[in-house]
Number of protein chains: 2
Amino acid sequence: MDENKKISSAVIKRLPRYYRYLGELIEGGVQRISSKELSMKMKVTASQIRQDLNNFGGFGQQGYGYNVQYLYNEIGKILGINRTHNMVIIGAGNLASALVNSGDFAKRGFLIQAVFDNNPTLEGLGIGDLKIKMMSEFSDYIKNNDIEIVVLTVPRQVAKDVAHIVVDCGIKAIWNFAHTDLNLSDDIIVENVHLSESLMRLSYTIANNEIIN
Amino acid sequence: MDENKKISSAVIKRLPRYYRYLGELIEGGVQRISSKELSMKMKVTASQIRQDLNNFGGFGQQGYGYNVQYLYNEIGKILGINRTHNMVIIGAGNLASALVNSGDFAKRGFLIQAVFDNNPTLEGLGIGDLKIKMMSEFSDYIKNNDIEIVVLTVPRQVAKDVAHIVVDCGIKAIWNFAHTDLNLSDDIIVENVHLSESLMRLSYTIANNEIIN
């Protein structure tokens, strides 16, 4: 991969989908697939797929198709999931439980190592195999453990303050579920999950369909 | 709004953000804002904002700015959140608990009316104020209640089958948290929340930053 090449965010959004589809193909015992077949399955054009993959050097042979396992592994490397990522969660609510108890993340090497909260009545209670720690321990914990990603599942009103504590501890990547922008400096990587906005897109489509029909 | 005009998905993705920012401005007591100020806050260009809003007739006056409350209400109408939407969840796990216990959705008129599961040991247990119902009751429940959106928080492996049951009951809109595509007919509206893909975009950015630095 050309290290200085700027990959468009649209391509970056499609890569995890390719990865997921290829994973499903592997589960189904498929060893080789043409860009045409892959495109029909994914509902994008075959030339789109070829273009996307050419950003990373191209993995197919004309008329011969892609080796599914090889392509899966290569896209995994591009996505940075060919190694483990240690994470901690701040905010020990139901969403934290859902994330801890989902096997999906660990399967891809995203390991939730600890859950923090500032509510003393939660201290030591269990979420999955983890015991909830207090925020007063957070800074020391980060110093002594190799944590790469902090997951914020705190209420919107406190998210900015908590994010600043996280960044002050040296964390560079945040997966943010709080429904607000964190406004951190540009060297901090923030991936937002705004569920309310997803729901509004759904209701927009409902409203718009009703107008058209 | 021109009923036949096709609005791009990029605009539709930005609308909920506008709505959120305007809501925060209202909370902060701001009554009027220029597209320039709004653009600085939102990190898009002022002309982008004007273009986006012009899709819906335009709400601003040159040199005078937008009336925040008016714009908020109008965008709310466009997003279809000027009325309530009744929802039910299928899959009574931690994610369902998180959704039921979040006040965010009800505040915007998305009301979770029931939670279903097929595990008999969960029958009648509480999630928030709701008692878990069995899937055997689903079809009758949908017949007798005005439900618009079904939220799928079931495991990936059963999601397609459950989605077909949902559609057979006449539901037209699905908010899908299962990490698979449902492959339903085109008249069914599906909004996907693929958390694993969000996390992979995060790790892509981490990997890519490491290469560059």
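Predicted model: local features only at pLDDT ≥ 70, side-chain atom pairs only at ≥ 80, totals over all residues.
Mentor: Local features need pLDDT of at least 70 and side-chain atom pairs 80 or more, while totals for chains, interfaces and linings use all residues. Residues are numbered from 1 along each chain as its sequence is written, chains are lettered from A in the order in which they are written, and side-chain values use heavy atoms, without hydrogens and water.

Trainee: What area is buried between chain B and chain A?

Mentor: The size of an interface is often given as the accessible area lost when the parts come together. Here it is about 5800 Å², taken with a 1.4 Å probe and summed over both parts. Carbon and sulfur atoms give 60% of that area. In chain B, B:Leu199, B:Met200 and B:Tyr204 lose the most area to chain A, together 12% of what that side buries.

Trainee: How many salt bridges cross the interface?

Mentor: The rule asks for a side-chain nitrogen of Lys or Arg within 4 Å of a carboxyl oxygen of Asp or Glu. Ten are found between chain B and chain A. A:Glu27 forms a salt bridge with B:Arg156, with the closest N and O atoms 3.0 Å apart.

Trainee: In what order do the strands of the open sheet in chain B stand?

Mentor: Strands of a sheet pair through backbone hydrogen bonds, either parallel or antiparallel. Pairing requires at least two DSSP bridges between two strands, and a strand is a DSSP run (E) of at least two residues. In chain B, six strands follow the order 7-4-3-8-9-10, with parallel pairing. Strands 7 (133-134) and 10 of chain B are at the edges with a single partner strand each, so one side of each has no neighbour in the sheet.

Notes: Buried area = accessible area lost by both parts, 1.4 Å probe. Helix = DSSP H or I, 4+ residues; strand = E, 2+ residues; numbered from the N terminus.
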